[in-house]
Amino acid sequence: SSPGTERLFLALWPDGAVREAVRRAAAEAVRAARGRPVPPDNLHLTLLFLGAVPPAVREALAARLAAVRCAPFELVLDRIGGFPRSRVAWIAPSRPPAALHRLVGQLRAAAEEAGLAPERRPFSPHLTLVRKARPVPAQVLARPVRWGVRRFWLVRSQTLPDGARYTPLRAWPLAA
Ligand code: 2AM
């Protein structure tokens, strides 16, 4: 890959208050899952995984992302569960708003216009809580975490000896 190429993805990044609410809501499930808990600073909801992005493509992408139009929305994180095959435990919204799916559609179009070919795997919104997790029983939260989403982020993913490091690089506001 050319110099300056980085592994990037687009994500929603919770602020400290939402991270703390997730920590409380998920504490029991995280314990039960054993495995490797995602450090609080790494918690995110992936919107679109981009893979290796050269600098020139990143510039083109940034220009497209600035043109995305989507109203802010609220996510109600009310479900804890797991993907047994990838061995992760997650928290997720059981009824994601239509605006979230519209946002992802626009991001996919922006990525394609910038020359990327993002995966076509269906979007399944979740925040990974634990990796190498045992299966956790599905759970509906009596007290869901409410997350007012106002921006989306371009994030760098680095693989380090002690695990993944995610660095939010730049945000764009949600505005209709
Ligand atoms: P995960 O949390 O469900 O494992 C950075 O790696 C983020 O992008 C993670 O949230 C990860 O999802 C997601 N991700 C990694 N590789 C991916 C891929 N090939 N397709 C879609 N999402 C991916």
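This is a predicted model: local features need pLDDT of at least 70, side-chain atom pairs count only at pLDDT 80 or more; totals for chains, interfaces and linings use all residues.
Helix α3 comprises residues 98–113. At 1.5 Å a residue, its 16 residues should span 22 Å, and the C-alpha atoms at its ends lie 23 Å apart, which agrees with that expectation. Several residues of α3 are buried, namely Ala-99, Leu-100, Leu-103, Val-104, Leu-107, Arg-108, Ala-110 and Ala-111. The elements against which the buried residues of α3 pack are α2 and the strands β1 (6–12), β3 (45–53), β4 and β8 (151–160). After α3 comes Gly-115, which has a positive phi near 100°.

Two packed helices are described by the angle between their axes and the distance between the axes. For helix α2, residues 55–65, and helix α3, the angle is about 145° and the axes are 8 Å apart, and the crossing of the two is right-handed. On the side of α2 the contact is made by Leu-61, Arg-64 and Leu-65, while α3 contributes Leu-107, Ala-110, Ala-111 and Glu-113. Five of the residues in this contact are nonpolar and two are charged, whereas no polar residue takes part. Of the α3 residues in the contact, Leu-107, Ala-110 and Ala-111 are also among the buried residues of that helix.

Positive phi values also occur in residues other than glycine. Arg-87, in the loop between β4 (73–83) and β5 (88–93), has a phi of about 55°; with a relative accessible area of 44%, Arg-87 is partly exposed. Lys-132, which is found in the loop between β6 (127–131) and β7 (139–149), likewise has a positive phi, near 50°.

Definitions and conventions. Residues are numbered from 1 along each chain as its sequence is written. Side-chain values use heavy atoms; hydrogens and water are left out. Helices (H or I, at least four residues) and strands (E, at least two) are DSSP runs, numbered from the N terminus. Buried means under 20% relative accessible area, exposed over 50%, partly exposed in between (1.4 Å probe, protein chains only). Axes are lines fitted to C-alpha atoms, for helices over the stretch in contact, and angles run from 0 to 180 degrees between N-to-C directions. A crossing is left-handed if the near helix is turned anticlockwise from the far one by less than a right angle, and right-handed if clockwise. Contact means heavy atoms within 4.5 Å. Ala, Val, Leu, Ile, Met, Phe, Trp, Tyr, Cys and Pro count as nonpolar, Asp, Glu, Lys and Arg as charged, and the others, Gly among them, as polar. The expected span of a helix is 1.5 Å times one less than its number of residues.
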